[in-house]
Amino acid sequence: RSGHRMVHCRDRLLVFGGFFDNLRDVKYYNDAHVFDLSLYQWHKLVTAPGDPVPQPRSGCSLAADPAAGAVFLYGGYYKKKVAMQQFDSHKDKAAVEELSETGVEFRDTWRLDLFGDSASGVRPGSWTQQKKSGAPPSSRSGCSMVLNRGRLVVFGGVHDEDTADGDGLVSEFYADAHSYTIETGRWRALAVESKPGKPAALAAADSGGGEGGVASRAAEGGDATSLLALGGGRRRNRNRNDSDDEDVAGAAALAAGTAAGAAEPPLAESEEGGAASAPAPCPRMNHRVALKGNTMYVYGGLYEPEESSEITLNDMWSVDLSKLDGWTCLHAGNAPEDALVRELSDGG
């Protein structure tokens, strides 16, 4: 499988979900497997009949609470087949049913008790869906998550919608952060204050992504070669025309102005039209985060600033989750020619 997630909790490694694609069918999983680090043995977690479990998915986010012996799951993605009514002029103007795939982005939160609690009657390996209130993140996948002081912190991600012809995607990338307080089951957006300083990597004017938020958008269309990129544990279908060379060149120019080492990139525009002075990571998906103390570190990911272009990021940022007093750029990343991915119809 691929698109699964793994996390460490006490002396266990937990692997959950993912999918297997044999080029004919795609199967998504919702099974959980545990590797015992003391015995070096695998075993599958078996739930009791009728007990709740998360739906099959890939690209979800996991975070462990070793003190509680619990693992928390948020979100994920899978594709389901749906029946589409298509008009067929060769069948006496009858509507014929065809199967089509549509993506589903989960927004649920689950708790897995790895070791159980005999006092409260919680069995080992049991799942509990967490309640949701407040202002949760908008629908997305490809985000990352950490656990900090009794709250889950989710950063970034992407929301995809199929174009009208079904051959492309319209995508919104996010660079916002949201927290989920485990005890109260309440979501809220985290507002990171502006920290004065010179930006050192891709800056984003719009990073929103709460309910109804605005984010960077890349519209895809056309009916030529399909570009495939792995995103959030699923394929992202990208289409471009043979005449898109100018668009790709424009994307390269944009990247050159914003990601070339530690050179001075353009400043993000403020809402008033002036230059913003605070550095911040650009919107992204499939990045990774790690936590040390109260500091969350963000590394890499994928961003699509223009049609038919992809920038694979290797910048690194940090933010103090207890203060939220601004982002710090620790590494600006390499020159864009190493990051911009181009695929032409001839494979060149």
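Searching the whole structure turns up 11 aromatic pairs; here, rings of Phe, Tyr and Trp (its six-membered ring) pair if their centres lie within 6.5 Å. Welcome to the tour! The model is predicted, so local features need pLDDT of at least 70 and side-chain atom pairs pLDDT 80 or more, while totals for chains, interfaces and linings use all residues. Residues are numbered from 1 along each chain as its sequence is written, and side-chain values use heavy atoms, without hydrogens and water.

**Stop one: two rings**

Select Phe155 and Trp327. Their ring centres are 5.3 Å apart and their planes stand at 55 degrees, so this pair is tilted (under 30 degrees counts as stacked, over 60 as edge-to-face, the rest as tilted). Phe155 belongs to strand 13 (residues 151–162), and Trp327 to the loop between strand 21 (310–320) and strand 22 (328–331), so the pair ties together parts that are 172 residues apart in sequence. Strands here are DSSP runs (E, at least two residues), numbered from the N terminus.

Are these residues buried or exposed? Phe155 is buried at 0% relative accessible area, and Trp327 is buried at 7%. Buried means under 20% relative accessible area, exposed over 50%, partly exposed in between (1.4 Å probe, protein chains only).

**Stop two: Ser144**

Next, pick Ser144 in strand 12 (residues 144–148). Ser144 is buried too, with 5% relative accessibility. Among the residues that Ser144 touches, beyond those up to four places away in sequence, are Phe155 and His287; contact means heavy atoms within 4.5 Å. Zoom in on the side chain of Ser144: one of its polar atoms is 2.8 Å from the backbone oxygen of His287.

Look at strand 5 (residues 32–36), which four bridges join to strand 6. Asp36 stands opposite Gln41 in strand 6.

**Stop four: Phe16**

Strand 2 (residues 12–16) holds Phe16. Which residues does Phe16 contact, apart from neighbours within four places in sequence? They include His4, Ala32, Leu62 and Trp127. Phe16 is buried, at 0% relative accessible area.

**Last stop: a ring cluster**

Finish by selecting Phe19, Tyr28, Tyr78 and Phe106, which ring pairs link into a cluster.

Methods
A polar contact is a pair of N or O atoms within 3.5 Å; within protein, one must be able to donate a hydrogen and the other to accept it, and residues adjacent in sequence count only if both atoms are side-chain atoms. Two strands pair if DSSP finds at least two bridges between them.
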